[in-house]
2 protein chains.
Amino acid sequence: MSCKLITSDVVLCLDADDHIYKNGYMVVEDDRITEIGYQKDLDSRRKFDETVELGPRLVMPGLVNAHTHSPMTLFRGHVEGHTLFTLDGWFNTIRVLEMKIDSEMIGPGVAVSCAEMIRTGTTTFVDQYFWMDHIYPEVRKSGLRAVLAYGIVELGEETARKRELAAAAAFLESLQDDPLLTGWLGPHAFFVDNSETAMGLEKELADKYKVGFHTHFATGQEENDYCREHYGITAIQQLNKMGFLEYPIIAAHSIGIPLEDLDTVKDKPFTAVFAPSSGMRNAAGIAPLNALRAAGVNVALGTDNVTNNNSYDMFKEMAITGKIMALLERNADAIPTRYILDMATMGGARAIGMEKEIGSLETGKKADLIALDLNEIGWAPFGGQDFYAALVYAVSGYHVRDVMVNGNWLFRDNDWTSMDYLKVRGELEAKHDELMRRIKE
Amino acid sequence: MSCKLITSDVVLCLDADDHIYKNGYMVVEDDRITEIGYQKDLDSRRKFDETVELGPRLVMPGLVNAHTHSPMTLFRGHVEGHTLFTLDGWFNTIRVLEMKIDSEMIGPGVAVSCAEMIRTGTTTFVDQYFWMDHIYPEVRKSGLRAVLAYGIVELGEETARKRELAAAAAFLESLQDDPLLTGWLGPHAFFVDNSETAMGLEKELADKYKVGFHTHFATGQEENDYCREHYGITAIQQLNKMGFLEYPIIAAHSIGIPLEDLDTVKDKPFTAVFAPSSGMRNAAGIAPLNALRAAGVNVALGTDNVTNNNSYDMFKEMAITGKIMALLERNADAIPTRYILDMATMGGARAIGMEKEIGSLETGKKADLIALDLNEIGWAPFGGQDFYAALVYAVSGYHVRDVMVNGNWLFRDNDWTSMDYLKVRGELEAKHDELMRRIKE
């Protein structure tokens, strides 16, 4: 058993009681936090395998990025000025690239994504993409915690369906008992590109492996239009009728989620992912955050992929969440900063059913934490702004200096420990060059 | 004469021809750029007083923050959840603090603001506040370039008017021939809190010292309501009638600027400052950017103060500019990234009449430049995204590693050279504590 002592000027727990320990400490035994408190209460004679004195840093829970597509760093910059939120936009920009990639290009894209997430304070991400069997080995190398959903588009075609479901099953099998990675199912979008037949088979698979669904939902009105036409009810009502709402569902974007359906999902393991940068840049809009909040629906925060957003910095997403809501609701107090932090931590933890394991710093929870440099700009005056306001509006993911996942450091003193960032980036550049050659052929 | 050679992997000029030199160099003689080109074209036998090989960094023009109130770091965090854009909001939050500050508190607030601006890549800022005689010595110490406008609120009171105009004149006198600092006049808001009598006298002062006006304009409809009631025309029309539009005017916020007036201001030395974070957080709105752009009105970018915004990072402002415009106009291509970069550089330079001196990297211009770390995250793949998209959406002010103003380094290899940041921050904390004691008394 390894037993680490971590001390720092501030330990911000983001737990239900909002504990903040100035001159605080934590004890991490193997992968778990076993103590949190004030340094003055710590017996100075106690021995630890490792003592890390972080000094002027703020320790807080690692962030949970609830909606990503990690290989898509390959395509960053290729959709500037376009939208990915229409079939045309997606097909004319990303799909033409996706049709030219092969399995060797996936790893470097994923590795760079993991590096960027680690560097900006994300400790858990919730991914959905194709090529999942080439994604998870890279994520495993990074040391991040992740829920990886096998992306399925079958468009009602039997051949595609059979192939995809078999591959999804094999993928779920391969992640059984992984300490950090969990396999899920990722129907790209229910009803839109996953037929009712496919959905039925996906549900059987979810039963067998006890997993949830990570899907795009209500980025427009396609699902609702389809369901209203075919079943006379909304997509949520139809999902409920089909039994899907008993499974964890991560509904990415949820821009056009019908407000009358919020009561239906509020007590279900259902999460709407608020992805403001993506929805703004794509000109599609953002989820009705305050209606979701008022209804008691779980809301998590996500960056989406870096072609839609360009950055994995969840601190940027937090800041823009407060700003866009204030503007749209014409109320400077539209969203409390503490709630925004909850979206980026516990909201994501609840989304993946890990609210008892991660999302806050508490004794007994997994040791997933980050430390921000208090000697950087933005914090002053300490006596004026609270830490919550500073974290949401004044600082950024580039203040992160240390990242620990499951008791292991992935970033220490501003450098990656689990990877050589410039090396994986060089690999990405080479693969991107090759992709460009193929496109031009 | 000092002659410096600076080399770096990328020199991005942001000039009219969009020059980008990969493996580029610049020669800086004293305060000016005398050469820009490719390293391969440089005679290796030439001698320089100083050679700085920046390597994997992107050199670009320093940013111009066109609307700030530098002492207000003192109040950061004090208006969370409130708006400063109504008389009530401003009076109940900031004004109660402002009435308790004294001259000794100004310096540390300004110093921390300068530190944060330098650190995130701003080389010129355009300030407006009271206590200007205590502001400029601190700005001078920082080495930044600034246009400092003496803030005037006189509410039609003769005593206040006389006192303020005399002090403004003394201030303008004190900055005559300063190499980096320019004094301007800062009527807090025409018509709203500066009477027509005061405005007339301010114009005389502007004539005498050949300076412009930095004012809040159209944060709401107050000026227009007043002018329509008293003169039967809009505020812009009345300003025109009074001869004000012949002077440089920086109209901060310009949220409610009447679109029918854009033709009137487009050929005048008039600048609308787009301050998206501030207008969003204050729930007041943002300027009609595309109408201003279409009309050919000069637009600059500004953070406003750090109680409205919390951060001086102009890269954040650039990103949010693109995102909010795409959302509001329901068009992913609402604002070209290159135009956003123009707002943050040449737009600000034009605002202060320095477009021939700063705002782009060109031979003959002042050596105001910044260098961003290309080994940091966000840039990959180089072959996919262009530098403009990366700068606006993927990176941040925390990528800045070097800042030069007027040929002098203010930040080198991630550290300030003109100030001890932690020291000035400690002074700010002490002054803030004292302010809090006064408030509680």
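Helices here are DSSP runs of H or I at least four residues long, numbered from the N terminus. The model is a predicted one.

Helix α2 of chain A (residues 103-119) is mostly covered, with 15 of its 17 residues buried. Its length also checks out: at 1.5 Å a residue the helix should span 24 Å, and the C-alpha atoms at its ends are 25 Å apart, which agrees. After α2(A) comes A:G121, again with a positive phi, this one near 95°.

In chain B, the partner to look at is helix α3 (residues 132-142). A helix pair gets described by the angle between the two axes and the distance between them. For α2(B) and α3(B), the angle is about 35° and the axes are 8 Å apart; the crossing is right-handed. On the α2(B) side the contacts involve B:S103, B:I106, B:G107, B:V110, B:A111, B:C114 and B:I118, which meet B:H134, B:I135, B:E138, B:V139 and B:S142 of α3(B).

Most peptide bonds are trans, and most residues other than glycine have a negative phi. The bond from A:A380 to A:P381 is cis, with omega near -5°, and A:P381 lies in the loop between β14 (369-373) and α14 (387-394) of chain A. In chain B, the bond from B:A380 to B:P381 is cis too, with omega near -10°, and B:P381 is found in the loop between β14 and α14 of that chain.

As for phi, A:H253 is not a glycine, yet its value is positive, about 85°. This histidine lies in strand β11 (residues 249-253) of chain A and counts as buried because its relative accessibility is 3%, with the cut-off at under 20%. B:D30 also has a positive phi, near 50°, but lies in a loop, between β2 (20-29) and β3 (32-38) of chain B. At 37% relative accessibility, B:D30 counts as partly exposed.

Finally, the two chains together. Chain A goes onto chain B by a rotation of 180° with 0.0 Å of shift along the axis, at an RMSD of 0.0 Å. The copies are therefore related as by a two-fold rotation axis. In chain A, the C-alpha nearest that axis belongs to A:Y398, 3.2 Å away. Of the interface residues of chain A, 100% are interface residues in chain B as well, so the copies meet through the same surface.

Terms used: Residues numbered from 1 in each chain as written. Chains lettered and ligands numbered in written order. Predicted model: local features only at pLDDT ≥ 70, side-chain atom pairs only at ≥ 80, totals over all residues. Heavy atoms only, no water. Helix = DSSP H or I, 4+ residues; strand = E, 2+ residues; numbered from the N terminus. Expected span 1.5 Å × (residues − 1). Buried < 20%, exposed > 50% of the residue type's maximum accessible area, 1.4 Å probe, protein only. Least-squares fit on C-alpha atoms with pLDDT ≥ 70 in both. Contact = heavy atoms within 4.5 Å. Axes fitted to C-alpha atoms, helices over the stretch in contact; angles between N-to-C directions. Left-handed = near helix turned anticlockwise from the far one by under 90°.
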